[in-house]
Amino acid sequence: MLQFINVSKRYPGGSDALKNVNFELKKGEMAFLTGHSGAGKSTLLKLIAILERSTQGQVMLDNQNIGRISQRNVPYARRKIGMIFQDHRLLHDHTVFDNVALPLIIAGLDRHEVQRRVRAALDKVGLLGKEQRYPITLSGGEQQRIGIARAVVNRPPMILADEPTGNLDPALSEEIMQLFEQFNQVGVTVLIASHDISLIERMGYRTLQLSQGEMVSNHG
Amino acid sequence: MASRRQNVQRPASLFNLRAYLLIHLHTFFSSLGRFSRAPFNFMMTVSVIAITLSLPSGLLVSINNLQSLSGQIDLNNNISLFLNQTVSLEHATKLTGSLNTDEQVAQAVLINKQEALEEFRQYSGFGSAISTLGSNPLPHVIQITPIASLNNRAALELLVNELKQQPDIQLVQMDMGWLDRLNGILNIAQRGVSIITILLGFAVLLIVSNTIRLELQNRRDEIDITRLVGATRAFIMRPFIYSGFWYGFLGGIFACILVNLSVWLIDGPTSSLSTLYNSAFSLAFMPLTHAILWVLFSISLGIIGSWIVVSRYLSELEN
């Protein structure tokens, strides 16, 4: 599903954010990405989201070298990834429903299909009945669930989460992680960047560890 | 799972006209809805555009009115026939009579050279100088008013040439020189309006660009988020292009309203002035075709202005 082949990223100014990174995530696999801040985690995620392009090497998503696709095709490649952020990145002047529906509206689905899928996604994250609320009126954990519902609503083959539990207490973090496990169980590839070592160890999935731009450990 | 995934892809890759139109319709009205949440800012921009565009369109209406006014003066233009010195009063009277029967002539009036001299002596102040002249230097003059249907220059000039053929007539004078000069001035004014239109068109472009730029900054997060969940460039640009459309559309319409309101306000005094000149002249409003063209012009400025800013902004974000 996702493959990094000799990937390096150097930002203008000379600092090497990633050095010769190699790894592969198989279809339906779930893994954690760890490392101290500055280790290159966010750069790696940005390469997958095509927010940055690699200086060297190939980033393959679904057998496509996304580091080299044209700007015109970037949006379509992004639709294969459901992205979840630490700060949720919700539209605060839109309802929960509108937030979750956004990827579907972008894809041009008709109204009934949008309604059906948004309800299904909200049901999965346990927010059914709160469609017409505004994100700001919900708790941090609930806001993160809106973000997750938005990420999975168009059923992407891969989920990418950047510190999804960063602002949540352990109990809520556990619930969020269980959600990711559920998606993984139906075949979705999941990559979660986190520095919550205890949680990662408890869950016992494969862990990719970055340090100063290099992949120092890559085991399950 | 694999087949389900393909289902997800389909609507995006297949050109679904109905969904496409629905998106457009949705954006069209939601952009209007956004304005209703900040009506003051919106109306301020629309007013600036309207006032800016009302200047060139108002000038154009003024020029059109002056042109039609000069056309009306054409109609009332008299032709003076200066007869040969040798023509007698009797003959001149006969000639006037025959001219009065001419179907191109509404009225012919003879100005007797004796009377003209008396009048000249009385009013000019050259009385004693004229007394020293042995004979009357003035010829008989016949003043002709052409019929109303002779309302263009070419027809009038044809009549003038016809009259020139007559042996008793020495000089035919139709004083249109000042009309030519007026038309010359109007041509210059028209050129000036074209230049002003171009300059103020740029001004409108900049006004829209600047407004959209502020809107872009306010909605930076929204743009980032929609980009992250896979929005195409067109999807992100669309609402801003529609904003530009609304600015241009309403700005253009208000400009036309402003101009016609001004015409209406000036029309009263103009009519009373023209009655003093025995003329039924009244100001014409902006023709509908002009109004439509101005609104279309304004709409295209709005769309182009927003398009430039948004595509520049998105290009900066892309890598």
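Q: Leaving aside neighbours within four places in sequence, which residues is A:Phe180 in contact with?
A: The model is predicted. Contact here needs C-beta atoms within 7 Å. With neighbours within four places in sequence left aside, the contacts of A:Phe180 are A:Ile159, A:Ala161, A:Val190 and A:Ile192.

Q: How many residues are in the largest nonpolar core?
A: In soluble globular proteins, nonpolar side chains tend to be buried together. In this model, A:Phe180 is among the residues with the most contacts inside the largest nonpolar core, as are A:Leu33, A:Ile48 and A:Val100. The number of residues in that core is 103.

Q: Which helix gives the largest share of this core?
A: The largest share amounts to 13 residues. They come from chain B, from residues 233-276, which form helix α10.

Q: How many residues are in the other core, which lies apart from the largest one?
A: Members of this other core include B:Leu81, B:Ala92, B:Leu110 and B:Ile144. Its residue count is eight.

Q: How far apart are the C-alpha centres of the domains of chain B?
A: The domain assignment gives domain 1 as 21-72 + 180-317 and domain 2 as 78-174. The distance between their C-alpha centres is 54 Å.

Q: Is α3(A) roughly parallel or roughly antiparallel to α5(A)?
A: The axes of α3 (residues 96-107) and α5 (residues 140-152) of chain A come within 7 Å and cross at roughly 30°. Angles under 35 degrees count as roughly parallel, so α3(A) relative to α5(A) is roughly parallel.

How values were computed:
Residues are numbered from 1 along each chain as its sequence is written. Chains are lettered from A and ligands numbered from 1 in the order in which they are written. This is a predicted model: local features need pLDDT of at least 70, side-chain atom pairs count only at pLDDT 80 or more; totals for chains, interfaces and linings use all residues. A nonpolar core is a set of buried Ala, Val, Leu, Ile, Met, Phe, Trp, Tyr and Cys residues joined through C-beta atoms within 7 Å. A residue is buried if 20 or more other C-beta atoms lie within 10 Å of its own, exposed if 12 or fewer, and partly exposed in between; C-beta atoms are placed from the backbone. Helices (H or I, at least four residues) and strands (E, at least two) are DSSP runs, numbered from the N terminus. Two residues are in contact if their C-beta atoms, placed from the backbone, lie within 7 Å. Domain bounds come from an automatic or database domain assignment. Axes are lines fitted to C-alpha atoms, for helices over the stretch in contact, and angles run from 0 to 180 degrees between N-to-C directions. Angles under 35 degrees count as roughly parallel, over 145 as roughly antiparallel, 65 to 115 as roughly perpendicular and the rest as oblique.
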